[in-house]
Each structure stands twice: as structure tokens, then as C-alpha cells.
Amino acid sequence: ILMKLKKEFSDFYKAIRIDSETDVLKEKREILADDIKSKLPEILGDNNIDVKKGDIKMIDQGSYKYHTTIKDDVVDRDVAVMIPLDIVKNDDPRKIKGYLSDAINIPARTVTIKEPCVRASYYDDGEEWLHIDLPLYAKYGDDMYLARGKSTSTNYSWETADPEELNKYLCEKINGNDQLRRIICFMKKWKNEKYAVASSDHEVPPSIGLTLLACDCFTKQSTDEGEDDLLALQKTMKAVLDKFTVTKNGSNEVISATISCKLPVTPCSDVFKKMKDSSDTYMVTFYKRLLSAVDNLTNAVNVESEHDAGEYVQKVLGTEFNIPAKAAVAAAVQNRREHSFG
């Protein structure tokens with residue numbers, strides 16, 4: 001079988017991925033880090049919590065760490081903030097997140113306390129263009145705990161976590177495996193295309209979920225011509241689809257669908273839990289959209305012409321994916337070129 005759409009996938013990958021931070025993003029992140037390190041100890045001190053500037057540790061988390069970031073309307077950055085803290089004495093993580101929020105709250109940023117993090121958003125002409133999520137971790141004894149809960153929520157806790165071990169796990173899987181990294185980026189692009197108008201955070205499959213599933217389900221695909229990304233994407237998404245447990249009614253309609261994906265490190269929780277808890281329909285929609293993607297990719301793999309294959313892939317990855325010209329047209333143009341003497 002000849003490899004299809006090699007150039008198109010290569011061009012598409014270059015077009016959608018962010019290789020490194022822009023200067024303006026780096027600057028925003030560094031100023032934010034400085035604010036946290038200079039202001040947070042003072043605010044904590046006012047509340048009888050002794051944390052020195054040198055005690056605060058900040059690490060990259062998420063897609064920037066393993067280079068699977070893709071372009072989006074809003075740049076999304078994750079930076080973990082770690083402080084030593086007695087969580088028995090300070091058993092309310094909402095308060096500590098409030099102190100972190102106070103440390104970074106200036107007019108240039110819009111700060112909100114989300115369930116898993118404190119978010120600093122940046123706007124330009126009323127449009128959000130960047131947010132930096134700051135999950136807050138307490139180091140207590142030998143363990144690390146994530147501050148969970150919104151400022152007003154009655155549901156809050158210090159949850160055991162291991163962000164550095166998760167980074168290590170994913171970096172070991174992805175670094176040096178360029179095809180897997182591309183497949184993760186393509187799956188994230190598919191998610192962005194299909195969930196562009198989502199009204200709630202919880203109806204969208206989380207990127208960490210897609211990343212972990214891709215790592216679990218990926219098998220390298222190549223021909224004599226090199227790595228075959230179309231086949232790799234089709235096989236990976238098909239393997240993810242096969243992990244679903246699906247119930248259908250008498251008319252063969254899907255009435256329930258579910259998939260689980262546990263974090264490979266403490267707390268080993270299911271990354272799709274929020275999605276499942278929010279609404280039964282979210283998982284069914286996720287399954288149906290994935291099924292449609294797999295059908296289109298399978299057609300792309302099976303059709304003869306590159307043009308037709310490109311049309312199927314575009315239904316999955318969006319209009320930025322280039323469709324090659326029809327072969328007959330391309331041949332005619334080539335023919336004309338060869339015979340134009342002038």
C-alpha cells in the first residue's frame with residue numbers, strides 16, 4: 001500500500017503546533033512567577049503561615065512540558081505552584097488558593113479561582129487571548145497535595161498528587177517518539193474542531209485524557225517511504241474507540257457510552273470523572289464524535305485517490321488540512337507544462 005497524504009500531514013503539523021513559547025508569553029509567565037515569589041510569602045505571613053520566597057517551587061505542567069501544544073484561540077498554559085504547608089493545620093485549601101489569588105491580582109490580569117487551580121487570564125480588546133493556570137500544591141511530610149475546590153464551593157479537599165511523576169511518565173512516553181507526539185497533536189486538533197462551541201468545560205474531553213489514551217493506544221506505523229501518520233491516527237483513534245463500553249437500544253441507537261482512563265500516578269483518579277458526573281449525554285456525544293472520526297479516517301485509508309482521502313481527513317481535522325488536487329487534473333496540468341514551449 002502506498003502511503004497517502006505524507007506531505008499534507010507534515011504541512012498540517014507545522015501549521016497547528018506551537019514549538020516554543022512566544023516572547024510575550026514567556027514574559028507574562030516570568031512576571032507572574034516573580035509576583036508569586038515576592039508577594040505570596042508576605043500574604044501567607046499575615047495569616048501566620050511561614051513560607052519563604054526560596055521555598056516556593058514552580059514547575060511546568062501540561063502540553064508545554066512534553067511539546068504537544070497546538071494553536072488555539074486562547075493560549076493555555078499550566079504552571080504548578082508548590083509550597084511547604086501543614087495541611088492538618090491549614091485544612092481549607094480554598095483559603096490558601098485565595099492567598100495565591102491575592103498575590104497575583106492586578107488590573108492587567110483577571111484572576112479566577114477554578115476547582116483545580118487559580119487562573120490568571122489576559123485580555124486584549126475584551127477578548128481573552130491567554131490564560132495561565134496555576135494548580136497549587138502543598139508539600140506536607142513526604143507527599144504532595146493539590147488544593148481542590150472553588151472559592152465558594154462546599155466541596156473542597158487536599159488531594160494527594162504527584163505532578164512531577166506525571167511529567168516524568170509522559171516525557172518518557174513522548175520524548176523521542178515523534179509520531180506519537182504528532183498523533184497527540186492531531187487528536188487535540190480534532191477535539192478543538194468538534195468542541196469549538198462547547199458551553200461547559202465538563203462536556204469537553206480533557207486534553208490529559210486524550211494524551212494518556214493516545215500513549216496507551218498508539219502503535220508506530222510506517223512504510224518504506226517513512227512514517228505513515230494517516231494510518232497511525234486511524235489505528236490509534238480506533239483503539240481508543242474500542243475502549244468504550246457502549247449500550248444500544250432495540251433500534252441500535254447508542255443510549256449509553258463510557259470510557260475510563262486513570263492517571264498513571266497518585267491519586268490514580270479517572271480523568272473523565274467530571275465529564276461523567278456532569279451529564280450522561282457528554283460521554284455519548286464523545287463516543288459518537290470519535291466513531292465518526294474513525295469512520296472518516298478508515299475511509300481515507302481505504303480509498304484509492306489522495307484527493308478523496310484528503311476530503312475524509314478534512315472532516316476530522318478541519319479545513320486547515322489541505323486536500324491534494326485530483327490526480328487527473330494534476331496530470332493534465334503537468335502535461336500542459338511539458339508542452340508549453342514559450
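**Close-up 1. Arginine 182 sits in helix 6 (residues 178-194).** Helices are DSSP runs of H or I with at least four residues, strands are DSSP runs of E with at least two, and both are numbered from the N terminus. This is a predicted model, in which local features need pLDDT of at least 70, side-chain atom pairs count only at pLDDT 80 or more, and totals for chains, interfaces and linings use all residues. Residues are numbered from 1 along each chain as its sequence is written, and side-chain values use heavy atoms, with hydrogens and water left out. Arginine 182 counts as buried, at 14% relative accessibility. Buried means under 20% relative accessible area, exposed means over 50%, and partly exposed lies in between (1.4 Å probe, protein chains only). Leaving aside neighbours within four places in sequence, arginine 182 is in contact with Tyr13, Glu227 and Asp229. Contact means heavy atoms within 4.5 Å.

Close-up 2. A salt bridge is a side-chain nitrogen of Lys or Arg within 4 Å of a carboxyl oxygen of Asp or Glu. Aspartate 178 is partly exposed, with a relative accessible area of 45%. Arginine 181 is buried, at 10% relative accessibility.

**Close-up 3. Salt bridges that share partners join Glu21, Arg29, Asp60 and Arg77 into one network.** One link in view is between arginine 29 and glutamate 21, whose closest N and O atoms are 2.8 Å apart. Glutamate 21 is buried, with a relative accessible area of 18%. The structure holds 26 salt bridges.

**Close-up 4. Arginine 17 and aspartate 19 meet through their side chains in a salt bridge.** The N to O distance is 3.3 Å.

**Close-up 5. Strand 7 (residues 143-148) is largely enclosed by the rest of the structure.** That is because 5 of its 6 residues are buried. Strand 7 pairs with strand 6 (residues 136-140) in the antiparallel sense, over 4 bridges. Two strands pair if DSSP finds at least two bridges between them. Alanine 138 has tyrosine 145 of strand 7 as its bridge partner. Strand 7 also runs antiparallel to strand 8 (residues 157-161), joined by 5 bridges. There, methionine 144 stands opposite alanine 161 of strand 8.

**Close-up 6. Strand 6 and strand 7 form a hairpin with 2 residues between the strands.** In this hairpin, glycine 141 takes a positive phi near 65 degrees.

**Close-up 7. The structure holds 0 disulfides.** A disulfide is a pair of cysteine sulfur atoms within 2.5 Å. Cysteine 117 is in no disulfide, and the nearest cysteine sulfur, that of cysteine 261, is 20 Å away. Cysteine 117 is buried, at 5% relative accessibility. Cysteine 215 is buried as well, at 9%.
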